[in-house]
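The following exercises are meant to be worked with the sequence and the structure in view.

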Amino acid sequence: MQREGSAFNGLGVVMLKELADHLTSIRFIILELIVMLIAVGTVYVASQQIKDTVAEDPFLFLKFFTTSQEPLPSFIFWLSLLVPVMSIGLAFDSVNGEYNRRTLSRILSQPIYRDALLFGKFLGALMTLAIALVVLWLLVMGLGLLFIGIPPGGEEVARAFVFLLVTIVYAGVWLALALLFSIVFRSAATAALATLGLWLFFYVIWPVLAGELSQIIVPPDPRYAALGLQTPGTVVLEQFLARLSPSTLFGEIVVALLDPTTRALGPIYLSQLQGAVLGAPLPLGASVLIAWPQIVGLVAATIILFVIGYVAFQRQEVRA
Amino acid sequence: MRYGFIAAIAAVAVAFATAANAQDAPKDVKGLYLTSDYPAVTVRPGETSTVSLQLRNYDVAPERLVLSVSGVPTGWTATFMGGGQPIGAVMPASDSNVSLELRLDVPKNAPNGTEHLMVTATGGAAPLQLPIDVTLAKDLPAKLSVNAELPELRGTSKSSFEYTLSIKNDSGKKLTVSLAAQAPHDFDTSFTEEYGTQEVNAVPIDAGQSKNVKLKVTPPNTAAAGSYHVTARVSAEDTSATADLGLAITGQPKLELSGREGLVSTRAAAGAQTTVPVVITNTGTAPAEDVELSGSAPNGWKVTFNPTSVDHIAPDQNKEVQALITPTDKAIAGDYVTTITASARGESASTDFRVTVTTSTMWGIAGVGIIGIALLVMVGAVARFGRR
């Protein structure tokens with residue numbers, strides 16, 4: 001039956017209820033505690049290393065995000081690892097859990113459309129993650145101020161803020177994927193396993209596989225190999241394949257945003273570097289422009305995954 | 001044996017030389033003679049003068065001769081000197097000479113004029129007589145002359161000009177000549193010895209001799225092109241001489257290049273032309289002609305100028321040209337260095353300009369379009385699949 005009226009009728013109610021449920025759940029508190037501990041640890045270690053650095057750096061504050069010290073990896077590494085885990089942890093049972101608890105038909109008997117339910121579930125989880133990430137971001141900035149006592153410049157704050165937005169979008173991709181699988185699979189455990197499996201595949205296996213596949217499809221030219229260079233065709237294909245993974249896209253955006261001297265994310269010909277002043281920082285706009293295709297990729301992937309889940313949910317039998 | 005032979009030869013040679021000395025006089029001259037190289041001399045009042053005399057014995061037996069001098073004016077003192085002490089008699093051996101001197105102490109107030117003195121050597125035979133005329137005269141005036149070998153020199157304001165001056169003392173006595181030079185303001189002058197670097201203020205020159213000194217003139221770097229005059233002046237006692245020297249400075253252009261108001265950075269979009277004003281300043285002392293402009297930029301970049309060259313820049317003037325810089329389409333964002341060079345006949349200046357390349361925002365708009373399409377798909381799905 002075709003619905004009448006706005007698709008978003010009751011969206012606010014669902015979103016706020018989801019938000020409240022997430023924020024009070026033990027699952028979220030555990031995830032958040034892990035992230036907080038890691039944040040404090042990495043920032044403390046980074047500040048120790050920054051204090052040892054004498055050289056003047058106009059982007060000292062951004063070093064809190066990128067500095068690592070053995071055996072602890074940098075903050076952005078932990079973030080790229082834990083943001084998907086948090087997203088999947090919040091959303092893997094959002095639809096099939098309701099179904100299994102026999103509450104889905106009860107909700108839908110209220111004057112709430114399916115559209116609103118799904119949008120509300122997605123936005124509620126995204127808002128929960130956004131709150132967590134903003135708190136985390138403020139924590140890092142505050143600890144940074146506390147540890148080194150130098151206020152960050154406007155450009156640094158702007159870069160860190162764009163980085164925060166991108167991290168939320170990255171969380172959205174995994175959220176949309178987890179939501180899709182929770183719609184497709186009736187069992188929550190299957191959905192969780194499928195999502196985590198896909199995440200592990202993209203995070204660990206795909207970068208290696210992309211390199212191997214590109215070498216098979218475009219074999220390296222021995223003339224380039226003799227000069228110790230990579231074959232341009234192979235590199236381009238490898239990069240194209242690797243960028244199918246959201247993790248790779250996020251990593252590239254982070255590099256462009258938090259290292260202002262980054263000039264390009266793809267392969268560069270030596271001729272393009274001729275006369276270039278290396279080490280000169282780019283303005284924020286130029287850095288965002290470099291990473292713009294990746295950002296677009298993440299946003300578009302979120303929307304497309306959500307739309308697929310939406311279509312699947314609309315066509316589903318919800319009565320248990 | 002061999003050394004003995006050489007010694008014998010040497011002895012013969014010495015003996016022969018002695019014999020030859022004695023044989024200088026003609027064979028038919030015989031007897032004792034009292035002679036003088038200059039029997040008429042000029043002396044200054046208040047000074048001591050010596051007249052050298054010789055007693056010569058040609059082939060006669062040695063004889064004791066008593067010396068006397070007559071006609072000495074009152075107040076004068078005449079003394080015979082021989083072997084460094086006063087003497088009264090001379091005894092030349094056969095075929096030998098005895099040198100002696102007649103020392104005359106002339107009082108300061110002696111009147112001018114000629115005095116006739118008679119030196120007499122009295123012995124066994126007829127007395128030997130030699131008249132000596134002593135003329136009292138005032139001092140010869142000191143006289144100097146100075147000449148430059150190369151009085152006109154030419155060079156740039158950075159070079160130093162070296163004149164070799166020949167100073168001649170034309171007076172009858174040794175003079176200490178002081179040296180001075182008059183040059184335009186801020187020109188540095190110094191005198192040095194002819195071969196050497198020691199600077200001198202004065203040089204002693206013997207009577208009738210000449211000496212070379214070098215005058216080094218260093219113009220200030222800022223000296224404008226043109227001809228200048230330097231006067232070298234040598235003076236001693238109451239005399240002086242001058243030499244007029246010429247100095248032609250052929251100035252030199254010196255270029256400096258910078259952006260307008262010293263700004264040497266600009267922004268340019270990849271593949272799009274940007275205009276940078278470039279100011280060429282001539283800080284030299286001569287006009288710069290035919291100033292050519294060139295740019296050295298990364299591969300694929302285009303650097304042209306409008307106008308492409310400047311005909312003439314007068315000293316202390318500047319000209320502005322527009323540098324048109326086009327980064328290559330493939331340039332990646334960031335800072336690049338472009339060197340712009342202005343050159344005019346061997347003189348050149350260059351400055352690095354920093355070009356911040358920004359890439360086109362077209363792909364950014366395309367990205368927004370992709371997100372828009374994704375949202376449209378979502379709206380379409382909501383409209384198509386929306387149900388209770």
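**Exercise 1. Confidence**

Solution. Step 1: The model is a predicted one.
Step 1: The pLDDT is below 50 over residues 10–23 of chain B, a stretch with 1 contact in the model beyond near neighbours in sequence. Where pLDDT is low, predicted coordinates should not be read in detail.
Step 2: For the complex, the predictor gives an ipTM of 0.77 and a pTM of 0.66.

**Exercise 2. An open sheet in chain B**

Task: State the strand order of the open sheet of 5 strands in chain B and explain why one side of β21 is left without a neighbour in the sheet.

Solution. Step 1: The order is β21-β28-β27-β23-β25, and the pairing is mixed.
Step 1: β21 (265–269) and β25 (309–313) of chain B stand at the edges; each has a single partner strand, so one side of each has no neighbour in the sheet.
Step 2: On average, neighbouring strands of this sheet are turned by 30° against each other, direction ignored.
Step 3: Strand β23 (residues 288–296) of chain B runs antiparallel to β25(B), and 4 bridges join the two. Ala288(B) has Ile313(B) in β25(B) as its bridge partner.

**Exercise 3. Strands β4, β9 and β10 of chain B**

Task: Determine how many bridges join β9(B) to β4(B) and how many join β9(B) to β10(B).

Solution. Step 1: Strand β4 (residues 65–70) and strand β9 (residues 113–122) of chain B are antiparallel and joined by 5 bridges. Here Leu67(B) stands opposite Ala121(B).
Step 1: Between β9(B) and strand β10 (residues 128–136) of chain B there are 9 bridges, again with an antiparallel course. Met118(B) has Pro131(B) in β10(B) as its bridge partner.

**Exercise 4. Where the chains meet**

Task: Identify the element of chain B that gives the most to the side touching chain A.

Solution. Step 1: 32 residues of chain B are in contact with 34 residues of chain A.
Step 1: Elements giving two or more residues to this side of chain B are β27 (334–344), β28 (347–358) and α2 (362–385).
Step 2: α2(B) gives the most, with 12 residues.
Step 3: By kind, the residues on this side of chain B are 17 nonpolar, 10 polar and 5 charged.

**Exercise 5. Cores and a buried leucine**

Task: Decide whether Leu289(A) is buried or exposed, and find which residues touch the most other members of the largest nonpolar core.

Solution. Step 1: Leu289(A) lies in helix α14 of chain A. Leu289(A) counts as buried because 21 C-beta neighbours lie inside 10 Å, the cut-off being 20 or more.
Step 1: Leaving aside neighbours within four places in sequence, Leu289(A) is in contact with Ala333(B), Thr359(B), Thr361(B) and Gly364(B).
Step 2: In the largest nonpolar core, of 111 residues, Phe122(A), Leu175(A) and Leu179(A) touch the most other members. Helix α14 (residues 284–314) of chain A gives the most to this core, with 16 residues.
Step 3: A second, separate core has 26 residues, including Val213(B) and Val217(B).

Technical notes
Residues numbered from 1 in each chain as written. Chains lettered and ligands numbered in written order. Predicted model: local features only at pLDDT ≥ 70, side-chain atom pairs only at ≥ 80, totals over all residues. Pairing = 2+ DSSP bridges. Axes fitted to C-alpha atoms, helices over the stretch in contact; angles between N-to-C directions. Contact = placed C-beta atoms within 7 Å. Nonpolar A, V, L, I, M, F, W, Y, C, P; charged D, E, K, R; others polar. Core = buried A, V, L, I, M, F, W, Y, C linked by C-beta atoms within 7 Å. Buried ≥ 20, exposed ≤ 12 C-beta atoms within 10 Å, placed from the backbone. pLDDT = per-residue confidence, 0-100.
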